[in-house]
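Please open the model in your viewer and keep the selection tool at hand. Each stop on this tour says what to select next and what is there.

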Amino acid sequence: MENNKKKGITFKFISYFSIIFIIFILQNTPHFLEIWGVKPNAIYVAAVVTAMYEGEFAGGIVGMIIGMLCDYSSYPIHGFNAMLLLICCTAIGLAVIYFMKNNKLNAFTFSAAVLSLRGFLEYYFVYAIWKYEKSEIILYRHIIPTILYSLLFVIPIFLIIGKIHTYFTCKYNLD
């Protein structure tokens with residue numbers, strides 16, 4: 001019985017990381033999913049939703065791994081995404097366990113909060129702190145549209161991760 005649960009947990013996380021890797025490849029493919037020069041950060045949504053389903057420890061670890069993937073594919077401060085997602089996903093996992101329900105509205109709210117926090121921190125540390133002239137154009141034309149575009153992926157990712165979680169929880173009696 002214990003071996004069966006380990007097998008279920010292993011297959012569940014292989015499924016999660018397969019979906020996450022597909023999202024990562026799609027969002028980093030040049031000119032794919034790009035609208036008016038804006039690309040989504042759907043991988044952040046996947047981190048948030050996974051943390052909502054898996055709790056603080058597994059959610060934090062998955063968030064950190066996703067953050068490292070983001071750090072390898074972006075130019076700003078190295079380690080920034082990993083640290084941010086580790087902290088946010090751990091907090092989200094705890095919030096869902098103790099205070100909030102796991103539903104689409106909360107997934108949308110948490111995703112909006114994490115994407116906004118990441119966007120505004122990146123804007124501050126990469127552009128505003130150095131007082132670049134007219135740096136607010138980057139905020140209005142790139143960061144805010146990226147946040148809004150990324151939020152379109154909350155419901156599909158929530159449903160996909162939810163199906164994977166439900167399937168493995170029922171099949172292997174994981175809760």
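**Stop one: helix 5**

Buried here means under 20% relative accessible area, with exposed over 50% and partly exposed in between, using a 1.4 Å probe and protein chains only, while helices are DSSP runs (H or I, at least four residues), numbered from the N terminus. This is a predicted model, in which local features need pLDDT of at least 70 and side-chain atom pairs count only at pLDDT 80 or more, whereas totals for chains, interfaces and linings use all residues. Residues are numbered from 1 along each chain as its sequence is written, and side-chain values use heavy atoms, with hydrogens and water left out.

Now colour the buried residues of helix 5, which include F110, V114, L115 and Y123.

**Stop two: an aromatic pair**

Next select Y53 and F158, an aromatic pair that is tilted, at 5.5 Å centre to centre and 40° between the planes. Rings of Phe, Tyr and Trp (its six-membered ring) pair if their centres lie within 6.5 Å, and planes under 30 degrees apart count as stacked, over 60 as edge-to-face and the rest as tilted. Because Y53 lies in helix 2 and F158 in helix 7, the pair ties together parts that are 105 residues apart in sequence. Y53 is buried at 18% relative accessible area, and F158 is also buried, at 6%.

**Stop three: along helix 7**

Finally, select F168 and Y172, a stacked pair with 6.0 Å centre to centre and 10° between the planes. These two residues are 4 residues apart in helix 7, so about one helical turn separates them.
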